[in-house]
Amino acid sequence: MKKKRIVVIGFLGTQLDKGSGSGRWEKWRPTVALTQHDEMVVERFELLYSGKYENLVQQVTRDIGSVSPETEVVARQLSIADPWDFEDVYGCLFDFAKTYPFDTDNEEYWIHITTGTHVVQICMFLMTEAHYFPGRLLQTSPSRRQTVGDAGSYTLIDLDLSRYDQIAQRFSREQEEGVAFLKSGIATRNARFNTMIDEIERVAIKSKAPMLLMGPTGAGKSFLAKRVFELKKARHQLDGKFVEINCATLHGDGAGSTLFGHIKGAFTGAASDRPGLLRTAHKGLLFLDEIGELGLDEQAMLLKAIEEKRFLPVGSDNEVQSDFQLIAGTNRDLSREVVAGRFREDLYARINLWTYELPGLVDRSEDIEPNMDYLLAQFGAENGQMVRFNKEARDHYMRFAMSTQALWMGNFRDLSASVTRMATLADAGRITDAIVVDETLRLKRLWQHYATPPVQRGEFHLGEVMERGQIEQLDLFDALQLKAVIDICRRSKSMSDAGRKLFAASRSAKVNPNDADRLKKYLTKFGLSWEGVNAGGTGGF
């Protein structure tokens, strides 16, 4: 492999590199000393400086030439007005990096951070970390006992953390702890949900942009928003409060007042000033649940508050400020609300940067058991009593909880209420089979109004979804089975719902059942899709 030429990029040390007469060789000068190492040859030294230091640059260049004739010194003057001004220094270095002809195929770049002001050193580090300088950091230091002509030592720092196992492992543990924190330590098994939480953890730490949580009522949007706040608070990214409001509770003139505040006398009954929730959330996190319920006027005011951090309280002519982070929640399809004119397109675009759809409990039934264990532990901590299932009772409850009879219309609220009831009735902390029997009957009664009978239809013909030639190639067995499957699809609200009905028995034997994927592959075998078989049907995905 061809050895690359070493190129050093560093600032002139206006103090450290100074020296006069022969005595200058008795002191350690970092720029000159770097070229005095016998085992390493610097092919080129890009010597950066600002101000009127041409004489010192010429002296350092001559001294380098005397100890390392192989080293070419290229002096580059940067127009830095104040080397202690962060913006000025970073801007000049950025312009330099953008125009510099880096040749990484043939040259290896070492970024010297021993010289220059502290601001210069920080900016050199940041530019290297961001890969504007495609190289490694270089630190030099004098020997403890300096002698004449002593070159000292140098250390290369590679910012690729993958080369530092302990550091990489520590960062990995930090992320894992953050993910576990968002899940409250619940060992969830649903792969799609776990992947989503993993991304939310990274976004929460790195971004201040709004986040949109979609999902049915009770899917855990409010709970997750609170955990995101606590995670950011623990990382010192927020100083303010967690402020939560369900927008479905806001109506009429009170909506604007609740969110944006009002001044005294703004309307009848406004006896004093009110700050409003947006100002209460200053430096904190505002969670607007069911944001789709907000009126169009409030949506317009909210958009301005998000973008400009300024807004007008009701009745006021003077704007106020609030720097808050926003998480919005909704159980509606906001894109459809935009088309219908009930939600502002510009606001939707602003809050739709990081959108996550929390699946309902029936779509992640493998997570029922770990959540049930978490709720039991929580009940025990609150009531000072450990509660456990008998084995038969646990198996009975889990069979029901993961069956098609369990609708979980309230999602985790239903599960939480169910566990609380059973734990409360458990004598000596043991949930028996009798308690489970009563609880399953109670849940069935709770959901009986949702368990509507199948829609009566005329006889379905495969000709509605397939060409005649395709049908003629089917065995009677396949044709009858396919008709039954499509009938279930047309009577189901989603692909996952249909899959649970079709694979009710075999899914219980799988650790991570993916009913929707199994159904999709079955339909694909006949050249069909979920959308195609449901054309004109009741289903949707």
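This is a predicted model: local features need pLDDT of at least 70, side-chain atom pairs count only at pLDDT 80 or more; totals for chains, interfaces and linings use all residues.
View 1. You will find both residues in helix α10 (residues 296-308), where they sit four residues apart, about one turn of the helix.

**View 2. A salt bridge between Arg500 and Asp363.** Here the closest N and O atoms are 3.1 Å apart. Arg500 belongs to helix α19 (residues 495-502) and Asp363 to the loop between β13 (354-357) and α13 (368-383), so this pair ties together parts that are 137 residues apart in sequence. Arg500 is buried, with a relative accessible area of 10%, whereas Asp363 is partly exposed at 33%.

**View 3. A buried pair, Arg364 and Asp367.** The two side chains meet in a salt bridge of 2.9 Å, N to O. Arg364 has a relative accessibility of 3%, and Asp367 has 0%. Elsewhere, salt bridges that share partners join Arg5, Arg44, Glu46, Arg76 and Glu107 into one network. A search of the whole structure finds 33 salt bridges.

**View 4. His131, a loop residue with positive phi.** Look between α4 (118-129) and β5 (136-141) for the loop that holds His131. Its phi is about 70°, although His131 is not a glycine. His131 is exposed, at 64% relative accessibility.

**View 5. His236 and its positive phi.** His236 lies in the loop between α7 (221-234) and β8 (242-246). Phi is near 60° in this residue, which is not a glycine. With a relative accessible area of 71%, His236 is exposed.

Technical notes:
Residues are numbered from 1 along each chain as its sequence is written. Side-chain values use heavy atoms; hydrogens and water are left out. Helices (H or I, at least four residues) and strands (E, at least two) are DSSP runs, numbered from the N terminus. Buried means under 20% relative accessible area, exposed over 50%, partly exposed in between (1.4 Å probe, protein chains only). A salt bridge is a side-chain nitrogen of Lys or Arg within 4 Å of a carboxyl oxygen of Asp or Glu.
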